[in-house]
Structure formats: C-alpha cells, structure tokens
Amino acid sequence: MKAEELRIGNIVLANNVNEQALEPHVIKDGKDIDNAMWYWGLPLSEEWMLKLGFFESKIRQGVYLKPIFGKFTIDSEDFLFDIKQGMHLVDLSDLIIHYGSEIKFVHELQNLYFALTGEELTIKD
C-alpha cells in the first residue's frame with residue numbers, strides 16, 4: 001500500500017502482534033501512514049458496509065444506502081453506490097457512470113466519503 005492512499009482514521013489490514021494473521025487496524029497518526037508498506041487493503045464487503053453505517057436497500061438487493069450520503073446530488077443527478085458489481089458509482093436508472101475505478105477496499109470508500117461529504121466514515125457501534 002502507498003502512503004498517499006491513507007488518511008488518519010482509515011481502516012486497513014495489518015499483522016497482529018504475533019504476526020500470525022491479518023486483522024483490521026485503524027490508522028492513528030503520521031507514523032502509521034509512514035509504515036504504509038506494512039498494510040493491506042481491507043476488502044469491502046456487506047459486513048463492512050453495515051459496520052460503517054450503511055444499510056441495504058429494500059428495493060434493490062446489493063445496493064447500500066447511508067443517511068445523507070447514500071443518495072446525493074451531482075449536477076442535479078441522483079447517484080448511489082452499488083456493491084453488486086464491486087462498488088461502482090451508479091445512477092438510479094442503473095447506468096454505470098464510472099466503471100474504471102472499482103472501490104474494493106474500506107479505506108477507499110472512507111476517502112471518497114470524506115471527499116464528498118467532509119465527514120469521516122467510521123465504524124458504528
């Protein structure tokens with residue numbers, strides 16, 4: 001992983017204390033960012049969508065919404081994130097708008113969420 005991909009608060013995979021397995025790790029400071037080469041992306045999954053405060057649409061299976069963020073406006077068009085095809089940005093008519101950059105990892109979704117809303121996307125209790 002590259003340091004420029006990370007922000008404080010990002011959730012990534014890191015070796016546990018015994019270096020026996022990878023486990024989720026929250027980037028706490030610049031030192032963590034400097035050690036980016038020792039981290040791996042945490043795959044985005046339904047479990048992580050729910051932990052981050054999204055909920056599955058009752059209308060469209062595989063579409064996850066988040067209050068305020070799940071539906072937002074860009075140039076008067078409504079968009080959603082759809083993980084059915086690897087978290088692509090899609091419009092409500094199911095036309096894929098940006099297919100080239102899949103959002104595969106939790107830290108990527110956190111960074112996009114922050115860029116669009118100015119708020120951190122963190123684990124919900």
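## Salt bridges

The count of salt bridges in this structure comes to 2. The structure is a predicted model.

One of these joins Glu120 and Arg7, whose closest N and O atoms are 2.8 Å apart. Glu120 belongs to the segment after α3 and Arg7 to the segment before β1, so this pair ties together parts that lie 113 residues apart in sequence. Both partners are partly exposed: Glu120 has a relative accessible area of 40%, and Arg7 has a relative accessibility of 22%. Buried residues are those under 20%, so Arg7, at 22%, counts as partly exposed.

## The pair within helix α2

A salt bridge also connects the side chains of Glu47 and Lys51, with an N to O distance of 3.2 Å. These two residues both lie in helix α2, where 4 residues, or about one turn of the helix, separate them. An α-helix has 3.6 residues a turn, so residues three or four places apart point the same way.

Glu47 is partly exposed, with a relative accessible area of 47%. Lys51 is likewise partly exposed, its relative accessible area being 31%.

## Charges over aromatic rings

Each of the two salt bridges described above includes a residue that also sits over a ring. Arg7, the partner of Glu120, lies over the face of Phe114, at 3.8 Å from the ring centre. Lys51, the partner of Glu47, places its charged end over the ring of Trp48, 4.3 Å from the centre of that ring.

How many aromatic pairs does the structure hold? The number is 0.

## Helix α3

Helix α3 runs over residues 106-117 and has 12 residues.

Which residues of α3 are buried? They are Val106, His107, Leu109, Gln110, Asn111 and Tyr113. The buried residues of this helix pack against β1, residues 11-15, and against α2, residues 46-51. Helix α2 is also the element that holds Glu47 and Lys51.

After α3 comes Gly118, which has a positive phi, near 75°. Glu120, in the segment after α3, forms the salt bridge with Arg7.

How values were computed
Residues are numbered from 1 along each chain as its sequence is written. This is a predicted model: local features need pLDDT of at least 70, side-chain atom pairs count only at pLDDT 80 or more; totals for chains, interfaces and linings use all residues. Side-chain values use heavy atoms; hydrogens and water are left out. The expected span of a helix is 1.5 Å times one less than its number of residues. Buried means under 20% relative accessible area, exposed over 50%, partly exposed in between (1.4 Å probe, protein chains only). Contact means heavy atoms within 4.5 Å. Rings of Phe, Tyr and Trp (its six-membered ring) pair if their centres lie within 6.5 Å; planes under 30 degrees apart count as stacked, over 60 as edge-to-face and the rest as tilted. A charge sits over a ring if NZ of Lys or CZ of Arg is within 6 Å of the ring centre and within 35 degrees of the ring normal. A salt bridge is a side-chain nitrogen of Lys or Arg within 4 Å of a carboxyl oxygen of Asp or Glu.
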